[in-house]
Amino acid sequence: MHHPRHGERPRRLGLRVLLGLLLGTATGLACETGDPSDCGPSEGVVERVIDGDTVVLASGERIRYLLVDTPETSGTVGCYGPEASAFNKSLVEGATVQLTYDDECTDRYDRLLAYVELEGRSVNELLLTRGFACVLHIPPNGAERVAHYRQLEEQAQVGQVGLWAACTESPCD
């Protein structure tokens with residue numbers, strides 16, 4: 001596993017930000033070399049769970065899960081938001097997770113965008129199948145997985161799992 005030297009990560013991120021601004025990328029920043037593995041660490045220990053779809057690694061990177069969106073837990077708390085956050089925390093806080101990236105490395109909030117795995121299981125997919133999340137597809141990321149993710153969401157919805165049973169209004173609108 002590659003561990004960046006002190007100061008290396010901010011310099012790379014700064015270059016991506018500069019390149020993104022020069023290229024006019026509005027919603028995300030493309031990976032420097034076009035290689036998704038160049039986006040960030042391939043694994044890390046989750047230091048803190050921010051909410052159902054965002055965590056902070058012990059190395060400081062904020063990770064936003066790709067292709068899923070959980071109800072909010074700050075500001076206006078969404079139906080099933082606290083449950084989604086608690087589920088995510090029970091899964092990953094303190095654990096070593098593996099990270100896989102897609103076409104764009106970061107979002108407009110400077111979070112790394114990744115698929116997260118724990119012990120060979122996709123956390124992103126678990127959030128959908130257990131009814132804690134909806135599919136959120138922001139191209140170009142997710143093109144190869146979105147159909148499968150939508151199928152998982154539909155199965156949870158039909159089965160009235162999690163937020164699909166608990167929320168009176170559609171949580172994905």
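The sections below start with the basis of the values and then go through the features.

## Basis

This is a predicted model, in which local features need pLDDT of at least 70 and side-chain atom pairs count only at pLDDT 80 or more, while totals for chains, interfaces and linings use all residues. Residues are numbered from 1 along each chain as its sequence is written, and side-chain values use heavy atoms, with hydrogens and water left out.

## Strand pairing

Helices (DSSP runs of H or I, at least four residues) and strands (runs of E, at least two) are numbered from the N terminus. Two strands pair if DSSP finds at least two bridges between them. Strand 2 (43-51) pairs with strand 3 (residues 54-57) in the antiparallel sense over four bridges. The two form a hairpin, with two residues between them. Within this pairing, V49 stands opposite V55 of strand 3.

Strand 2 also runs antiparallel to strand 6 (residues 96-100), joined to strand 6 by three bridges. Here V97 in strand 6 is the bridge partner of G44.

## Disulfides

Taking a disulfide as a pair of cysteine sulfur atoms within 2.5 Å, the count is two. One joins C39 and C105, with the sulfur atoms 2.1 Å apart. C39 lies in the loop between strand 1 (28-30) and strand 2, and C105 in strand 7, so the link spans distant parts of the chain, 66 residues apart. The angle about the S-S bond is -65 degrees, and the link is left-handed. Both C39 and C105 are buried, where buried means under 20% relative accessible area, exposed over 50%, and partly exposed in between (1.4 Å probe, protein chains only).

The other disulfide is that of C79 and C167, whose sulfur atoms are 2.1 Å apart. It links C79, in the loop between strand 5 and helix 2 (81-92), to C167, in the segment after helix 5 (163-166), and the two are 88 residues apart. The torsion about this S-S bond is about -100 degrees, so the disulfide is left-handed. C79 is partly exposed at 38% relative accessibility, whereas C167 is buried at 11%.

## Salt bridges

A salt bridge is a side-chain nitrogen of Lys or Arg within 4 Å of a carboxyl oxygen of Asp or Glu; four are counted. A network of salt bridges links D53, R64 and D69. D53 and R64 have their closest N and O atoms 3.5 Å apart. Because D53 lies in the loop between strand 2 and strand 3 and R64 in strand 4, this pair ties together parts that are eleven residues apart in sequence. For D69 and R64 the closest N and O atoms are 3.2 Å apart. D53 is buried at 3% relative accessibility, R64 is buried at 8%, and D69 is partly exposed at 28%.

Another salt bridge joins the side chains of D107 and R111 (2.6 Å, N to O). Both of these residues are buried.

## Largest pocket

On a 1 Å grid over the protein atoms alone, a pocket is an open set of points where a 1.4 Å probe fits, with protein on both sides within 12 Å along at least five of seven lines; lining residues have an atom within 4 Å of a point. The volume is the space filled by probe spheres set on the points, which are joined across faces, edges and corners. The largest pocket holds about 490 Å³ of space.

Its lining has 22 residues, and R64, D107, R111, L136 and I138 lie nearest the centre. Strand 4 (62-65), strand 5 (68-69) and strand 7 (104-107) are the elements that give two or more residues to this lining. By class, ten lining residues are nonpolar, three polar and nine charged. Ala, Val, Leu, Ile, Met, Phe, Trp, Tyr, Cys and Pro count as nonpolar, Asp, Glu, Lys and Arg as charged, and the others, Gly among them, as polar.
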